[in-house]
Amino acid sequence: MKIERVELFVVRLPMVRSFATSSSRKTQQEHILVKAYAEGLVGWGECASPSDPYYCEETSGTCRHILRDFLVPLLKDKPWDDVAAATAHWAKVKRNNFAKAGLEMACWDLLGQARKQPLHALLGGTRGEILSGVSLGVEDDSATLFALIDQYLGEGYRRIKLKIAPGKDVDVVRVVRERYPDTPLMADANSAYTLADSVLLKRLDDFDLMMIEQPLAHDDIVDHAELQVQLRTPICLDESIYALDDARKALMLGSGRIINIKVSRVGGLLNAKRLHDYCYERGVPVWCGGMHEFGIGRAANLAIASLPGFTMPGDVSGSDKYYHEDIVTPPIRAANGAIAVPQGPGLGYNVDEEMVRRNTVETIAA
Ligand code: OSB
Ligand code: MG
């Protein structure tokens, strides 16, 4: 396989509901779609980076730069037979994982089409549907939060993740737990605390949470190990895990007991699979995180989450939780807290190019 040409579409979609974390508030998402042409086929990928550097250091602006000026030139016109060989062409590019994940996804889509196989089959998926939860942003008042939880539990979602932030933590979790005594519940701090907050974080042990996600710094695994010793609740790492080696070291140190695998944060599906395999062999539970993906990135999430180690419901919800209209057909929907894994070749959805163009703010030939 050889990619001859790539087009990048900077696409903005307004969100159904604004989403706040401990570090940002979003009313729309701006993602870069990668359209790769190879040997008569067209493959699609998505860079689901935030538009600001508040979750990680990458933004849609850095993805645009790294894709256009480095990754695409390194890959274009070079031969590859599998995705490991494709990614080897850009191996010298350090980090920039969201940018890499977008181009890598297009390679998987091309490969699936060439081999007439769905992505989940190429990856070794074993589930026909994935377990689906929802991630809820920080809200101003508990009535709003309760209404959202009622809605999503009513739709059948299997677990609720609450974003917490300093001043919106123990009390928020307490009122939710009181109102929903039996609901699988977890909290995500997006690295808003330090070890100096361990007394406060220990109070979360009272609420039977499945886990606390990334309480401490985005680049830390040492303080997390110290905190995990003090907590009964398992720590799940998100921001701290960029590569398989981060997970190896974190598990060795005891920095957490669960890993959130995000395709984009780890630089693509191949690394996501490697992380999954490593954890699966060691009995470490993983679940699939999200970055408010449009349909292309969401399709990739469905494929990876079909692997056997994804035993916990993740953040991959139906696209109607995020967007009024998505860029793929048929629309991705959850039913009874599960989403069917698509069976068509490659990503398994049709990209609605009319819809893409209508929401594109910039097109770049690379
Ligand atoms: O920390 O998991 C996170 C969204 C944007 C950035 C970071 C995170 C999130 C979510 C929502 O929690 C995930 C989703 O529903 O796609
Ligand atoms: Mg998180």
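Which residue has a polar backbone atom 3.4 Å from an oxygen atom of ligand 1? That residue is Asp315.

This is a predicted model, in which local features need pLDDT of at least 70, side-chain atom pairs count only at pLDDT 80 or more, and totals for chains, interfaces and linings use all residues. Residues are numbered from 1 along each chain as its sequence is written, chains are lettered from A and ligands numbered from 1 in the order in which they are written, and side-chain values use heavy atoms, with hydrogens and water left out.

| Residue | Part of the residue | Distance to an oxygen atom of ligand 1 |
|---|---|---|
| Tyr322 | side chain | 2.7 Å |
| Lys262 | side chain | 3.0 Å |
| Asp315 | backbone | 3.4 Å |

Taken alone, ligand 1 exposes 390 Å², and the protein buries 95% of that (areas by the Shrake-Rupley method with a 1.4 Å probe). Around ligand 1 there are 15 residues, and the closest are Ser135, Lys163, Asn190, His292 and Tyr322 (a residue counts if one of its heavy atoms lies within 4 Å). By class, this shell has 7 charged, 4 polar and 4 nonpolar residues (Asp, Glu, Lys and Arg count as charged; Ala, Val, Leu, Ile, Met, Phe, Trp, Tyr, Cys and Pro as nonpolar; the others, Gly among them, as polar).

Tyr322 also belongs to a cluster, linked by ring pairs, with Phe294 and Tyr323. The whole structure has 6 aromatic pairs (rings of Phe, Tyr and Trp, its six-membered ring, with centres within 6.5 Å).

Note on methods:
Polar contact = N/O pair within 3.5 Å; in protein donor to acceptor, adjacent residues only side chain to side chain. Phe/Tyr/Trp six-rings, centres within 6.5 Å; stacked < 30°, edge-to-face > 60°.
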